Amino acid sequence: MVTGSFLDVFDMPAICELCRNDALEAVYTPERSQRCIRVHICANCGLVQSLPRADRAPRRTAAVSSGADWGNVRYGKGFRTQIAVDAVLRHRGRADSISLLDVGSNRGRFARAFLAEAPNAAVVAVEPDERVAQSCAELERAELVVARIEDAALESGRFDVVHSCHTIEHLAHPRDVLADHWRCLKAGGLLVLDAPNIALIGADDIVEEWFIDKHLTHFSERTLVRMVEAAGFKIIEKPDKTDPENLFLVAEKSAAAADRVAGDWEEVEEAHALIADYLAARARNLIALGAVAAELTALAPRGVAIWGAGRIFDTLVVHGGFDTKALRLLIDTHLREHVGERHGCALTGPEALTDARPGVIVVMSRGFAGEIAAEARRFAPTAEILLYTDLLSRARTRLAA
Ligand SMILES: [Zn+2]
């Protein structure tokens, strides 16, 4: 008899990462998953989680897909830097000698911004991706650990602050890692945590696959708060209810970890309802994208520019059948650093608007639509500006008529 072989791992029932119950129920198979992911809801506590918890798949080249295979383009974290720096400095003095652990430090954008504002602080930056970690190597008052946070073996009680931005959702065992953050903190130390908010899947204009392969736990405010509390923290700043995209919270190391996390039937019901709404809205919107594509193609003689070449644009091509030949310009200020073209159309910066003079600029963004529209007006004051969400809503109305 062979015991303890790796095959046993596959026979073991999967355990909920929050309540440790084995009542995980498969509810959904994401589109274009490369890791054969299925989304599950814990029937006991309502935590939404992806199985298998494959967090060590080989790295692939950048894929700007709207499906679950959305790849290694990590540019979203940078937008969250100042929010986190401000949060630390609300609770610690600027001149204090703060010892901070930066989990998933990426290219060091947060570490740089924080060290610039806190002149006596020191940072330990943990980042597993050696290609990006090296950009922290030359930073003064910073120590770089090229490792996964699970393997970093940091000393107990060393830090005043742990900062973790859009990392926890990637981890196979988030509750264990939170417990390890607790261990690494001094008594009363701060956890500054940021994660995607599953509430976003309730957006009326959702078209992209939200359950991407790289995200293994899909937190609601309630499940994130409960997991942080279960790891022995007290929440001192709750997530902002008006932000549907991010769950940003500040917690303090307090009591010891909980032995047991109770069930939460309301959360179970809410998770089921949210995913059912997501499936219905997304199916309806993907059909409407065909009508959006037709409208943009009809506008082509006026010269159409699209600003935003990310996941929403990808759905327009993949599901709406939009032919990018109808475009005069495709603008994306962030993705340009990672990829040169999307669906046969070269990416340009907004400065190209001046010469190209499109009659219509379509803003293909949800979170940054207002900012992009304002920028577009500055570069092309006479162009008509259309928001993707309005185009989609018009298309849905037409289809329903
Ligand atoms: Zn559970």
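**Salt bridges and overall build**

Visitor: Is Arg183 buried, exposed or partly exposed?
Guide: This model is predicted. Buried means under 20% relative accessible area, and exposed means over 50%. Arg183 has 29% relative accessibility, so Arg183 counts as partly exposed.

Visitor: Which residue meets the side chain of Arg183 in a salt bridge?
Guide: Look along helix α5, residues 174-184. The N to O distance is 2.8 Å, and the partner is Asp180.

Visitor: How many residues apart in sequence are Glu237 and Arg90?
Guide: The two form a salt bridge, with the closest N and O atoms 2.8 Å apart. Glu237 lies in strand β10 and Arg90 in helix α2, so the pair ties together parts separated in sequence by 147 residues.

Visitor: Is Glu31 buried or exposed?
Guide: Glu31 and Arg32 meet through their side chains in a salt bridge at 2.7 Å, N to O. Arg32 is partly exposed at 30% relative accessibility. The cut-off for buried is under 20%. Glu31 has a relative accessible area of 17%, so Glu31 is buried.

Visitor: What is the radius of gyration of the protein chain?
Guide: The chain has 401 residues. A compact globule of that length would come near 21 Å. The chain agrees with this, because its own value is 22 Å.

Visitor: What share of the residues in the protein chain is buried?
Guide: The chain holds 11 helices and 17 strands. Its C-alpha atoms fill a box of roughly 65 × 55 × 40 Å. Of the 401 residues, the buried share is 55%.

Notes: Residues numbered from 1 in each chain as written. Predicted model: local features only at pLDDT ≥ 70, side-chain atom pairs only at ≥ 80, totals over all residues. Heavy atoms only, no water. Helix = DSSP H or I, 4+ residues; strand = E, 2+ residues; numbered from the N terminus. Rg over C-alpha atoms; globule rule 2.2 N^0.38 Å. Buried < 20%, exposed > 50% of the residue type's maximum accessible area, 1.4 Å probe, protein only. Salt bridge = Lys/Arg side-chain N within 4 Å of Asp/Glu carboxyl O.
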